[in-house]
Amino acid sequence: MEMPEQPRSRRQTRAAILTHLLQSGGSFRPPLAKAVRLSEASLSRILFDLKAEGLIEEIRRPAPYIGGPTGLVSLDGSVALAALELTGQWLSVGVGSLSGELRYIERVSLPAKPTTDSVGRAFREALTLLRDWTRRRRVRLAQIGITIPGLGRLSELGNPIIPCDVEDIGDMLGGMFANVPVEFTNSVVAHAIFHRCRTENYPFSGAHLFVFVGQGVAGAWMDDPIEADALQPVELGHMVFEADGPRCRCGHHGCVEAYTSLPALAELLGVPEPELLRLGCDWVSTIPISARVRQELRHRLYRLGLAIGNTLNVKPCHGVAISGWPSLLGGDDRKALVDGVDASLLGGRKHAQASLAFVPPSNGNDPQAALAFAAFCLACRGGMPAASTEAA
C-alpha cells in the first residue's frame, strides 16, 4: 500500500513548477500539471500569480496534436540573474537570463599563486564591474549565484583549493547589492545543475551521483530539487591511493585528483596546461598519444572508477553521470573507468545496480554553471523573497 504524499507548502509547489520549467525549457499546461502533481485548475491559479510577478510567460505555439493546447508556459526571459564563477585562472562575472543566455560577461585575472587577499581584490573588482553595468542599464537583479571550487560546510572560511574568505565576500555583496538574494555553492554542484538543466537528453531524472573531472575531481549527490539539502558536494577526488604519490593541491600525496585532474592530464600528455585548456574538447583529436601514455591513462581512469565505486559503497544510487575530459575519449578508454567502478567491492554496477552515462565537458564555459545555479536558486525558492516562509 502506497503512503499518501506529504502536503507541499506554497513555496514547494511554486518551486516544483519553476524547476520543471527550468529543466524542460517550457511545457504545455496539461503535461506540466501532471509533472508537478496538480489539477489544471490549481495550476492555473499559481500560473496566474507567477505571470503577474513576471516570472513566467505563456506564448502561443502550434498544438502538439489536433485539439491540443496551444499555450506554451516558459520562464520569463526578462528576469536578470548575476553569476560569479571562480576558477584557477580568473574570476568570471556575468548577467544572464533564466534560460542561460548571457547578456554581459567579464573576467578578472588571478595571480599564478592566489592568496585570500588577491582573491578578495578580484571579487571586489568583479562586483564593482557588475554594479556599474547594472546601474547604467537599470537592470534589476533577481538572484546572484557564486561558485567556488572545493567550497563545503567545513571550509567556508579556509577554502583548501583557491583561498578566499566567503564571509568577507558576503559583506561586499551586502554593501553593493543589499536587496538581492545571494547563494554560494561548490563548483561541482553548479556544473551538475548546469548539465541537468541545460544538457539535451540528460540521462537521469531521479536521484543520482554527478561526477565532474576538471581542475579537480569531485561529485555531487543530485536529488529532488525542491527539498532542502538536495544537492550535496562529494570530494571523492581526495581519496588517497599512494601515500608517496604525486602531491595534490589539497596538501596530501597520491590523491585520485593528482592522477586524473586536468593539470595531471596535461603533465601526462607532455603539454602545458594553458595549451590543453586552449584546445578545449579538440585536444583528444589534436594531441598524439603513444601506447605507453595511453596505458598509463587507462590505469588512471581505472583508479578514478575505483573512487567512484567506493563512493557508491557509502551511498548507493542507481545512476552516475560523468562529465569532463573522460567523456571525450573512445569506448576502449572509457572501459578502464567502468572496469574500476565494477572492481569496487560493493559499489560496482552489479552490486549497486548503477547505470553509468557520460555527458559533455563543461570546462571553460564560465560563468554558465554559476548562471544555471542562480536560476536554480530562484526556482527552488519558488520565486518568492528569500526570507518568505509562507505556507500553502
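Does Ser27 count as buried or exposed, and at what relative accessibility?

1. The structure is a predicted model. Its protein chain contains 14 helices and 13 strands. Of the 392 residues in the chain, 52% are buried. The accessible surface amounts to about 18600 Å², and carbon and sulfur atoms contribute 52% of that area. Among contacts in the chain with a separation of 6 or more, 64% are between residues 24 or more positions apart.

2. Ser27. This residue belongs to strand β1, which spans residues 27–28. Ser27 counts as buried because its relative accessibility is 7%, and the cut-off for that class is under 20%. A polar atom of the Ser27 side chain lies 3.4 Å from the backbone nitrogen of Leu32. Leaving aside residues up to four places away in sequence, Ser27 touches His20, Leu21, Leu32, Gly71, Leu72 and Val73.

3. The β5–β6 hairpin. Strand β5 (residues 90–96) and strand β6 (residues 102–109) run antiparallel and are joined by seven bridges. Five residues separate the two strands of the hairpin, and in the turn Gly100 adopts a positive phi of about 100°.

4. Helix α5. At the start of this helix, a side-chain oxygen of Asp165 comes to within 3.1 Å of the backbone nitrogen of Glu167. The helix covers residues 166–176, and its buried residues are Val166, Ile169, Met172, Leu173 and Met176. Viewed down the axis of α5, the buried residues fall within an arc of 115°, so they line one face of the helix. Glu167, Asp171 and Gly175, on the other side of α5, are exposed. The cover over the buried residues includes α4 (116–136), β7 (141–148) and β8 (182–186).

5. The five-stranded sheet. An open sheet with mixed pairing is formed by five strands in the order β11-β10-β9-β12-β13. Its edge strands, β11 (231–234) and β13 (355–359), each pair on one side only. From one strand to the next, the twist averages 20°. Strand β10 (residues 217–222) runs antiparallel to β11, and four bridges join the two. In this pairing, Met222 stands opposite Leu231 in β11.

6. Helices against the sheet. Which strands does helix α6 touch where it packs on the sheet? Helix α6 (residues 187–198) touches β9 (208–213), β10, β11, β12 (319–324) and β13. The direction of α6 makes about 60° with that of β10. Helix α12 (residues 331–343) lies across β12 and β13, and it runs at about 145° to β13.

7. Asp332. This residue is located in helix α12. Asp332 counts as exposed because its relative accessibility is 61%, with the cut-off for exposed residues set at over 50%. Asp332 and Arg298 are 34 residues apart along the chain, and their C-alpha atoms are separated by 8.9 Å.

Note on methods:
Residues numbered from 1 in each chain as written. Predicted model: local features only at pLDDT ≥ 70, side-chain atom pairs only at ≥ 80, totals over all residues. Heavy atoms only, no water. Pairing = 2+ DSSP bridges. Axes fitted to C-alpha atoms, helices over the stretch in contact; angles between N-to-C directions. Contact = heavy atoms within 4.5 Å. Buried < 20%, exposed > 50% of the residue type's maximum accessible area, 1.4 Å probe, protein only. Arc of directions from axis to C-beta. Polar contact = N/O pair within 3.5 Å; in protein donor to acceptor, adjacent residues only side chain to side chain. Areas by Shrake-Rupley, 256 points an atom, 1.4 Å probe, with all protein chains shown as cover.
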